[in-house]
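User: I would like to learn how to read the features of a structure. Can we walk through one together?

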Amino acid sequence: MGNKQTIFTDEQLDAYQVRLVCVFYSRLHGRYHELAPHLVPMDYTNEPHCKLPLALIVNMPELKENPFRNRIVESFSEDGMGNLSFNEFVDMFSVLSEMAPRELKAIYAFKIYDFNVDNYLCKEDLEKTLNKLTKEELTPEEVQLVCEKAIEEADLDGDNKLSFADFENMITRAPDFLSTFHIRI
Amino acid sequence: MKTRTRHRGKEGERRRPAKGRKPPGGKLLRTRVMRRVKKSQTKGKKEAERHPKRRKRSRIRRRREETVKGKKGRVKLFPFSSSSSSSEGDEDSLSEGEIAALKEQVEEKKKLIATLRNKPWRMKRRLVMLKEAQEFVEKFEGALGKGKGRKLYAYKVMMTKKLIKFKRDFENFKTACIPWERKIKEVESHFGSSVASYFIFLRWMYGLNLVLFGFMFGLVVLPEVLMGLPYGSIARKTVPRAEQDSAMDFSVLFDFGGYCKYSFLFYGYYNNERTIGLLQFRLPLSYLLVGVGIFGYSLMVVIRTMARNANEGGDGGDEGEFTFSWKMFTSWDYLIGNPETADNKYASITTSFKESIVDEQENQKDENIHLRRFLRVLANVMILCCLGGSGYLIYFVVKRSQEFAEMDNDDLSWFEKNEVEFVMSLLGLVCPPLFETIAELEDYHPRIALKWQLGRIFALFLGNLYTFLFALFDEVTAKLEREKSIKNATEWALNQYYANYSSFYNTTNVPPPDVHPSDVVRGPCWETGVGIEFVKLIVSDVQVSYLTILIGDFARAVIVRFLNYCWCWDLEAGFPSYGEFDISGNVLGLVFNQGMIWMGAFYAPGLVGLNVLRLLTSMYYQCWAVMACNVPHERVFKASRSNNFYMGLLLLVLFLSLLPVVYTIMTLPPSFDCGPFSGQEKMYDVVMETIDQDLPAFIGNIFTYATNPGLIMPAVLLMVLAIYYLNTVSKGYQQANLDLKRKMQMARDEEKNRRNNKDSTNEVMKDLEDLLPNKSLIPPPIEEEPPPVEKNSKSTKTKPGSAGKGVNLQKEVSLAAPNPRGPVTRAPGARGRPPGNPRGPQPGPGRSRGRGAPPRY
């Protein structure tokens, strides 16, 4: 608890509503700081505006092996380019934590898999997802088949792409979604 | 189209603000704090005074001042609290109604905070709402008292976290305790679940054998070794003098002769003393019970596993409605941070996709059903011919070998001597590939094809078993003949000796003849002979299978890999290529091996230990071989989740191996001079003896009654009835299960259809509304109207496959009043999406009920 006072003011913590998870916060801040020690100040009491670029964050060991790492970082950054402020950084790991509710996770999962940011998972998105998952081991025909089947299964409104409602309906019934869509830090 | 774009715009608007929100973890905790704290509300507001935050305290004070000022403000804030009576100036005595109203409002705000995170609002709005709600809650929670619970709550949260972590670690530990789990997972990720199912079966078999080994060693071998007579004390535990010179030779030991034959590995070594050692351990009884108990235990375990697997259910195949999308969106584990694990995960995801693709392709296959049926019948006829032919061949060869056995050994050529083995191995070599080729005709799904293949090779191998048992029984009867003569001879000699001794020394107190144990004349001891046959068979089986892997897989892989640099054609892609893992052969090998163990364990207690070793090495060896030298199957297919087909084969083999053992126990007389049952008429006499001598008389009586046919017949009848009843019940459940499944599917389709055809049903409503004299009867949801495009397609009434009540109804209605909505003069812009419906753009009613029909745009 002593640690937090040096980094955040009381007001800030109050605003963050994190009195109970300040340990988590300082740890996250530590991680954030060590990504770029020269950019990120240790002292966060006066809310400095600094952002870390995607390339730095993607190299965290937690994300390094993830095929969707770029998409994860991009969907949590406000500018969509992958630059994360500390707030967004915290946001990312809290959404991916065990505590986050299923609905929230579903929203962000949707954003992550939505490669072209058109708020629909269309066929191209699915193809990209699939190719990332399988390291492009499948033949184009197989990819085609899988994407068609996936859309057919989950598409409720018949527009041949998945809206968030379709996605949510599908993902909330998935048995392992909660267990796989989280990162421990 | 217009509506859709507009809708998309709206969507975008709604989603964007989700970025850069405040951390939800904290909020979640917060709300919990509040919920927790709410309980202590009634403790009074004094708590609030102690609150550390100055800011907050001032706020509270302000609030209180408001309260003090008079009822007006209060009434405005708490509309239900008008009944408050004596709260003037006294903060500590808020009336019940006030508190209730306050609670309600606080609860509302808290709910807002809790759900805020899930509301796809713009960031600013979200922040504002959050702030308002938080301030309100802080104020009144503070006013109502809290703070004391905080520390406790913090402590509780910490403990919950610790507990979660502990549970996780415990789960990890449990997984780590499953033997070879990682190896199998690795194989599965590269070769698919079908190959992994073999290894899982192997592991299960290892577990079973370990238990059998425990029984055998704990109850039979160890007592005899520890408490029985040592080696060399009696004839059955001594190598005969004629064999002693060569008893330690490797070639003899390798054939399990010499010292091996007279060791605890085999039946003959065990003494027939009723009780041994200090513990008065009844070894013969224990031997018989363990020998039979092994079968009982195996039967029980196999059947229980089958039942459990059947419960877990699934024939592989269908996994529900979202196979592909679940695989796509939830199969990557975001926790993976290790490059090696990641590689395995990539492989396993690819494999699982391939498995599902094979299933899907199989579903989509639509071809000439008559041709397919004809080909299947043809293939089955051909395979039946093959099986019949090889069966006859085996029968013929066995018969011939019996004739040869009666002839002089020197007249026979080498081929004639080994004819049976030769034919058997030839059949084993030729038939499986032949069956596989014929099975191509059938064009089954690979999973079903594997089952057929297994069944057919199983039938072929039964011939193997038959010849083996046939030969064995011939040998046993021959040995029994020899034994009878030797027994008579020894008895005669012994009588002679007694007569001579008593007449010579003129005494009736004759000491037993003083012969060295290795010089005693002994019978052939057919049980040990049988045991040796089984052990030899197992050992040669191990040798053959290991060599096959070494040559057929490893050497082949090495050659293909390295000769490829200097060869005229591409070895890897062309002819020899790398080997595939032969699932059916390996599974059947395992099943028949286990059958041999079950049959042989009674005659060779050491066999179980040998088998445990074999399975252990086999696990490592085959895992290595498959990872190092094999390539995945061309069509990786998903194994059925239950290994029940393998289990069924195992059960069949278990039953088949039970028969000869029980037959020998019940009918053949045991050898007179070796083994725990020597001197008995039948092996099971030890049980009778124990009942007669060691148990109280009434148990013997009970036993006599129980074995009475009058009692057994009704018992059997009862059992048959019970089986019949249970069978009926289970069939009923199955039917119910099927019905429920169908209902679920229907409900799903219905839902999908409803969503798709929402417009069309509402269309009907619209038409009805227009027909009604008073339009106000219809509730507002009528606002929903289809996009203009759909209307056009609808009016043409050419919806292919648009089934269902809604549409039919619409047809009737529109027949009654053809296009009554023609003159509707509403602005097309107003026919947008209903404000409260976030379900994406809704297409026209033309979407068919079934899955997969293309949308009609």
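**Reading the features**

Analyst: Start with a loop residue: B:Gln280 lies between helix 12 (258-261) and helix 13 (283-312) of chain B. Helices (H or I, at least four residues) and strands (E, at least two) are DSSP runs, numbered from the N terminus. This is a predicted model, where local features need pLDDT of at least 70, side-chain atom pairs count only at pLDDT 80 or more, and totals for chains, interfaces and linings use all residues. Residues are numbered from 1 along each chain as its sequence is written, chains are lettered from A and ligands numbered from 1 in the order in which they are written, and side-chain values use heavy atoms, with hydrogens and water left out.

User: What is the phi of B:Gln280 near?

Analyst: Phi of B:Gln280 is near 55 degrees, a positive value in a residue other than glycine. B:Gln280 counts as partly exposed because its relative accessible area is 46%. Buried means under 20% relative accessible area, exposed over 50%, and partly exposed in between (1.4 Å probe, protein chains only).

User: Where is A:Glu136 placed, and is A:Glu136 buried or exposed?

Analyst: A:Glu136 sits in the loop between helix 9 (123-134) and helix 10 (140-154) of chain A. A:Glu136 counts as exposed because its relative accessibility is 59%. Its phi is near 60 degrees, again positive in a residue other than glycine.

User: How many helices and strands does chain A have?

Analyst: Chain A has 12 helices and 2 strands. From the N terminus, the order is α-α-α-β-α-α-α-β-α-α-α-α-α-α. Of its 185 residues, 60% count as buried. A:Arg69 is in helix 6 (residues 69-76). A:Arg69 counts as partly exposed because its relative accessibility is 28%. A:Arg69 and A:Asn59 are 10 residues apart in sequence, and their C-alpha atoms are 9.0 Å apart in space.

User: Where does UniProt place the feature "domain: EF-hand" in chain A?

Analyst: The unreviewed UniProt entry places it at residues 101-136 and 142-177. UniProt positions are given in the numbering used here, feature names are shortened, and annotations may be inferred rather than shown by experiment. Now set the record beside the model. Residues 101-136 of chain A are 67% helix and 0% strand, with end C-alpha atoms 32 Å apart. Residues 142-177 of chain A are 61% helix and 0% strand, with the ends 24 Å apart.

User: Which residues of chain B does UniProt list for "transmembrane region"?

Analyst: The unreviewed entry lists several spans, including 212-231 and 702-726. Residues 212-231 of chain B are 80% helix and 0% strand, and the end C-alpha atoms lie 25 Å apart. For residues 702-726 of chain B, the values are 92% helix, 0% strand and 29 Å.

User: Which residues make the nonpolar surface patch?

Analyst: Among them are B:Leu547, B:Leu550, B:Phe554 and B:Trp624, in a patch of about 810 Å². Helix 20 (residues 526-563) of chain B gives the largest share, 6 residues. B:Leu550 is in helix 20. B:Leu550 counts as partly exposed because its relative accessibility is 37%.

Terms used:
Patches are made of residues with over 30% relative accessible area and no salt bridge: like charges are joined within 9 Å, nonpolar side chains (Val, Leu, Ile, Met, Phe, Trp, Tyr) within 5 Å. Accessible areas come from the Shrake-Rupley method with a 1.4 Å probe; for residues, only the protein chains shown count as cover. A salt bridge is a side-chain nitrogen of Lys or Arg within 4 Å of a carboxyl oxygen of Asp or Glu.
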